[in-house]
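Try each task before reading its solution.

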Number of protein chains: 2
Amino acid sequence: MAEAGTRRRGRGGGGAARRAERTSVRIETAKYIERNIPNFEILTDEALEIIETNAETVLAEIGVNFVNNPAALERWRDAGAEIEGERVRIPRGLARKLCETAPSSYTQHARNPEKSVVIGGKTLVCAPVYGPPFVRDAAGGRRYATMADFETFVKLGYMSKWLHHSGGTVCEPTDVPVNKRHLDMLLAHMTLSDKPFMGSVTEPSRARDSVDMCEILFGRDFVAENTVMTSLININSPMTFDDVMMGALEVYAEAGQASIVSPFIVGGAMAPVSVAGTLTQVLAEVLAGIAYSQLVRPGAPVIFGAFVTSIDMNSGAPTFGTPEASQILYGAGQLARRMGLPFRSGGGLCASKLPDAQAAYETTHTLNAALMGGVNFMLHACGWLEGGLVSSFEKFVMDADQLGVLHRLAQGVAFDESAQAMDAIAEVGPGGHYLGCAHTQANFKTAFWRSEVLDYRPFETWDEAGAPDTQALAARRVEYLLANYQQPALDPAIAEALAAYVAEKKASMPDAFM
Amino acid sequence: MAEAGTRRRGRGGGGAARRAERTSVRIETAKYIERNIPNFEILTDEALEIIETNAETVLAEIGVNFVNNPAALERWRDAGAEIEGERVRIPRGLARKLCETAPSSYTQHARNPEKSVVIGGKTLVCAPVYGPPFVRDAAGGRRYATMADFETFVKLGYMSKWLHHSGGTVCEPTDVPVNKRHLDMLLAHMTLSDKPFMGSVTEPSRARDSVDMCEILFGRDFVAENTVMTSLININSPMTFDDVMMGALEVYAEAGQASIVSPFIVGGAMAPVSVAGTLTQVLAEVLAGIAYSQLVRPGAPVIFGAFVTSIDMNSGAPTFGTPEASQILYGAGQLARRMGLPFRSGGGLCASKLPDAQAAYETTHTLNAALMGGVNFMLHACGWLEGGLVSSFEKFVMDADQLGVLHRLAQGVAFDESAQAMDAIAEVGPGGHYLGCAHTQANFKTAFWRSEVLDYRPFETWDEAGAPDTQALAARRVEYLLANYQQPALDPAIAEALAAYVAEKKASMPDAFM
């Protein structure tokens with residue numbers, strides 16, 4: 001991949017790139033959310049210490065499995081763990097000690113530097129839904145996702161003001177062979193958007209392809225010294241680290257690229273049915289996973305992940321937006337902060353099959369918990385439907401709009417003289433009204449967050465307009481955004497090199513559909 | 001009304017009452033929510049002190065108006081306020097001092113003692129929507145509310161496990177004359193439900209009727225010594241206390257009955273467009289109103305109310321579930337706690353015309369803020385639609401179901417040995433699953449909150465069942481609850497006395513429709 005990397009001539013270099021930039025439309029994107037509000041701390045210090053002690057017990061006495069990965073076992077043995085077959089027992093304190101080299105926050109660079117994000121501390125970065133094999137829209141219903149759908153979602157993400165990150169597998173492009181689709185997906189993120197994105201994790205070789213393509217896009221030197229991808233490494237709960245995910249983690253850690261080390265837990269099936277028990281397992285798994293990332297490369301950027309839902313014990317189906325899931329989110333956030341690590345959880349999660357009230361109840365519980373619980377990276381922030389089986393176009397824009405609520409809420413409350421508004425209260429006085437007063441005139445345009453999807457019209461006007469429900473309003477918003485989409489400028493030489501890399505890679509292997 | 005009161009022979013007295021109780025079906029109602037979680041404190045102490053200082057300035061320098069109420073002006077003059085026309089200027093510290101006699105919490109008794117509620121401290125009591133002139137259901141759309149609708153809502157409230165309170169004007173029965181409908185509404189709450197309820201506030205005489213009817217229901221002595229109603233006294237913001245609402249407040253305070261003293265603010269119209277300015281006005285208004293209640297009767301139970309929404313500055317329409325509304329709720333909760341008073345705010349508020357995703361986004365933001373913000377009495381907890389113009393049958397059961405999420409969330413996280421689940425983690429081990437383990441078997445039935453409205457079925461099953469959206473699911477739930485409704489037992493002598501009181505009152509005056 002060396003020849004691809006060397007084609008890079010620095011950001012925005014070349015006359016063609018300059019010409020492209022001049023003709024591009026500027027799409028507004030909010031900077032990541034920065035919290036001026038406290039985090040919600042649901043657990044006492046005593047409870048947190050119980051979990052931390054229990055997690056160390058789990059690691060020391062039960063241990064975790066690193067499957068099909070002799071090199072990992074070797075690294076653990078060298079670090080002082082006890083190895084028995086594929087089981088790794090980690091002495092008390094060792095994993096936590098190893099985690100200390102992980103940074104408390106990092107910058108993930110976007111190709112448009114204005115869209116680079118800081119992940120950690122008081123920030124919250126929102127990325128769209130990840131992984132669904134199906135898509136749904138109001139017109140066509142539910143069907144298998146295609147690469148064309150994928151591109152549409154990337155465009156919608158690019159056009160969404162409150163969405164900071166282009167994400168990764170916004171849907172599975174099932175019309176592209178499994179072993180090649182990561183190339184098309186990365187190309188779409190790199191060329192149809194200028195927001196930060198995620199790399200492939202489905203094979204270590206695909207993680208390497210992701211790094212290669214980033215070297216074309218950003219330049220090899222830049223990638224060597226900076227984080228340009230944040231990728232999702234799931235742990236097979238309970239306590240199993242498979243070679244595919246760990247292989248991808250190794251690639252990314254070695255390249256200084258960020259990984260979310262995330263238990264994926266359906267509570268009751270993959271963890272105990274209690275909140276305290278689940279938090280213990282989450283912490284043990286994250287400690288082991290992040291410690292391992294630091295064994296691969298001390299200082300590699302990582303995120304403490306916790307994707308936890310519960311199971312409906314009647315039907316066995318996963319549920320979302322439940323109180324137990326919120327409690328786990330809050331508790332995991334506290335555990336992450338005590339480790340000084342960025343935290344990933346939350347999202348617009350729901351079980352509903354439609355972008356209806358059920359979807360919104362479930363989604364909003366989770367979005368609120370994510371904001372209040374100190375989440376730094378929120379995957380699935382918009383577009384998630386049906387337990388993650390479906391990416392919904394309408395829900396994508398509905399949720400993305402709601403992220404504006406979180407932005408405003410996180411800003412906290414201003415207390416300068418103008419915000420105190422004592423002159424206005426005196427001017428208006430008892431029985432008056434504020435619509436015309438000087439303070440209102442000076443501030444009304446920015447005073448209140450306003451949805452760009454929801455309907456505030458009076459009943460009669462709305463009824464005459466066909467009484468659209470939220471899905472119908474959102475379908476129009478999707479149309480509007482796509483009609484106004486303009487591709488962000490990219491140096492044509494880079495675009496060409498990326499396309500050539502993808503073509504060459506695809507030609508080098510037979511199609512695989514499993 | 002003395003003769004009515006004397007008919008009362010103590011709770012559950014009489015053979016007929018005993019017979020009625022034996023045949024009654026026991027409907028499960030959760031005790032009010034008790035928080036084992038902290039409140040969310042969005043404002044610093046410094047910010048709170050600024051608001052408190054500014055509110056005292058508003059009261060001392062601008063003052064408030066008590067309209068058409070010479071007796072109120074006299075009370076204020078005697079207490080040390082400066083009176084100028086109808087304007088009352090309250091010296092710094094006086095209102096706050098007067099508020100000190102108000103109790104920090106109180107019990108509102110229900111006729112079924114198991115359903116009495118404690119309001120204040122760590123509790124949250126949920127009551128349904130209040131005030132809409134319209135109703136909506138999936139089958140019939142939007143139409144003017146009738147007394148039959150009112151009764152249906154009272155029945156649904158009685159059947160709703162997570163709803164603690166029967167409320168007040170769950171919809172306006174527009175087919176009953178304005179001057180008589182309070183009698184029918186009270187009779188419905190008293191006979192169709194056994195949960196606590198609210199009194200009439202639309203005329204001081206109707207407040208007196210409410211007290212009279214309670215004396216029939218509970219016995220005169222009981223009412224003299226106990227709180228059996230919590231009623232809604234709105235302030236005409238900015239800073240105006242009209243004689244109708246204050247007249248009702250006077251009746252209730254004198255009778256030892258509870259009042260919610262609540263600014264009703266559409267931000268930008270009735271208060272400044274800033275959060276800090278609105279909080280200042282809210283505090284000034286509540287200080288004046290609650291101080292006045294204590295001038296009427298020291299120790300009268302009251303609630304610090306804050307109903308605040310913002311205006312859509314494009315259309316002038318009120319909006320709900322906005323971040324500014326949540327910020328005001330959080331801040332007002334802190335102010336109420338610093339005064340040691342019960343706090344009312346929140347609810348399932350929304351602007352949406354349909355029980356769709358918009359309604360649920362808006363509702364869920366507010367429900368979460370209410371739980372986290374320390375609300376003690378949540379009016380409009382279920383059934384609210386279209387900015388409070390519409391009571392929706394489907395949304396009533398949808399929201400009432402969501403209150404279960406708040407219940408569970410408020411319980412906090414258990415940390416006993418069973419909850420820690422260390423045995424389960426050891427039993428299952430890496431790569432295993434928890435479905436069959438002993439800990440899961442022992443705990444799965446109560447481990448997770450489960451909706452009784454939302455759909456968790458797999459896509460195929462749900463699709464074959466007609467792919468119902470949440471509104472359709474809720475319509476079935478409404479049918480189910482009404483089909484299973486059985487009137488709670490009531491001593492027939494009391495029921496008869498109540499009916500006679502209502503008939504007599506109605507016959508004593510001509511119909512009025514304005």
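**Exercise 1.** In which loop of chain A is A:Pro238 found?

*Solution.* A:Pro238 is in the loop between strand 10 (230-235) and strand 11 (240-241) of chain A. Helices (H or I, at least four residues) and strands (E, at least two) are DSSP runs, numbered from the N terminus. A cis peptide bond joins A:Ser237 and A:Pro238, with omega about 0°. Turn to chain B. B:Pro238 lies in the loop between strand 10 (230-235) and strand 11 (240-241) of chain B. B:Ser237 and B:Pro238 are joined by a cis peptide bond, omega about 0°.

Two notes before going on. Residues are numbered from 1 along each chain as its sequence is written, and chains are lettered from A and ligands numbered from 1 in the order in which they are written. This is a predicted model: local features need pLDDT of at least 70, side-chain atom pairs count only at pLDDT 80 or more, and totals for chains, interfaces and linings use all residues.

**Exercise 2.** Find the strand order of the open sheet of 4 strands in chain A. Then trace the partners of A:Phe134.

*Solution.* Start with the order: 9-8-19-18, with mixed pairing. Two strands pair if DSSP finds at least two bridges between them. The edges are strand 9 (141-144) and strand 18 (384-385) of chain A, each pairing on one side only.

Next, take strand 8 (residues 134-137) of chain A. It pairs with strand 9 of chain A in the antiparallel sense over 4 bridges. These two strands form a hairpin with 3 residues between them. A:Asp137 stands opposite A:Gly141, and A:Phe134 has A:Tyr144 as its bridge partner in strand 9 of chain A.

Now the other neighbour. Strand 8 of chain A pairs with strand 19 (residues 390-392) of chain A in the parallel sense, over 3 bridges. There the bridge partner of A:Phe134 is A:Val390.

Last, the side chains. In a regular strand they alternate between the two faces of the sheet. In strand 8 of chain A, A:Phe134 and A:Arg136 point one way, A:Val135 and A:Asp137 the other, and all are buried. A residue is buried if 20 or more other C-beta atoms lie within 10 Å of its own, exposed if 12 or fewer, and partly exposed in between; C-beta atoms are placed from the backbone.

**Exercise 3.** Is A:Asp149 buried or exposed? Which residues does A:Asp149 touch?

*Solution.* Count next: 23 other C-beta atoms lie within 10 Å, so A:Asp149 is buried. Then list the contacts (C-beta atoms, placed from the backbone, within 7 Å). Not counting residues up to four places away in sequence, A:Asp149 touches A:Val135 and A:Cys171.

**Exercise 4.** Why can the buried residues of helix 19 of chain A be said to line one face of the helix?

*Solution.* Check the length first. Helix 19 (residues 470-483) of chain A has 14 residues, which should span 20 Å at 1.5 Å a residue; its end C-alpha atoms are 20 Å apart, which agrees. The expected span is 1.5 Å times one less than the number of residues.

Now list the buried residues: A:Thr470, A:Gln471, A:Leu473, A:Ala474, A:Arg477, A:Val478 and A:Leu481. Seen down the axis of helix 19 of chain A, they fall within an arc of 155°, so they line one face. The arc is that of the directions from the helix axis to the C-beta atoms. The face turned away carries the exposed residues A:Glu479 and A:Ala483.

What does the buried side pack against? Its partners are helix 6 (147-159) and helix 14 (393-410) of chain A, together with helix 13 (357-372) of chain B.

**Exercise 5.** How many residues of chain B are in contact with chain A?

*Solution.* 101 residues of chain B are in contact with 101 residues of chain A. On the side of chain B that touches chain A, helix 13 of chain B gives the most, with 9 residues.

**Exercise 6.** Which value does phi of A:His380 take, and where does A:His380 lie?

*Solution.* Phi is near 65°, a positive value in a residue other than glycine. A:His380 is in the loop between strand 17 (377-378) and strand 18 of chain A. With 28 C-beta neighbours inside 10 Å, A:His380 counts as buried.

Definitions and conventions: Contact = placed C-beta atoms within 7 Å.
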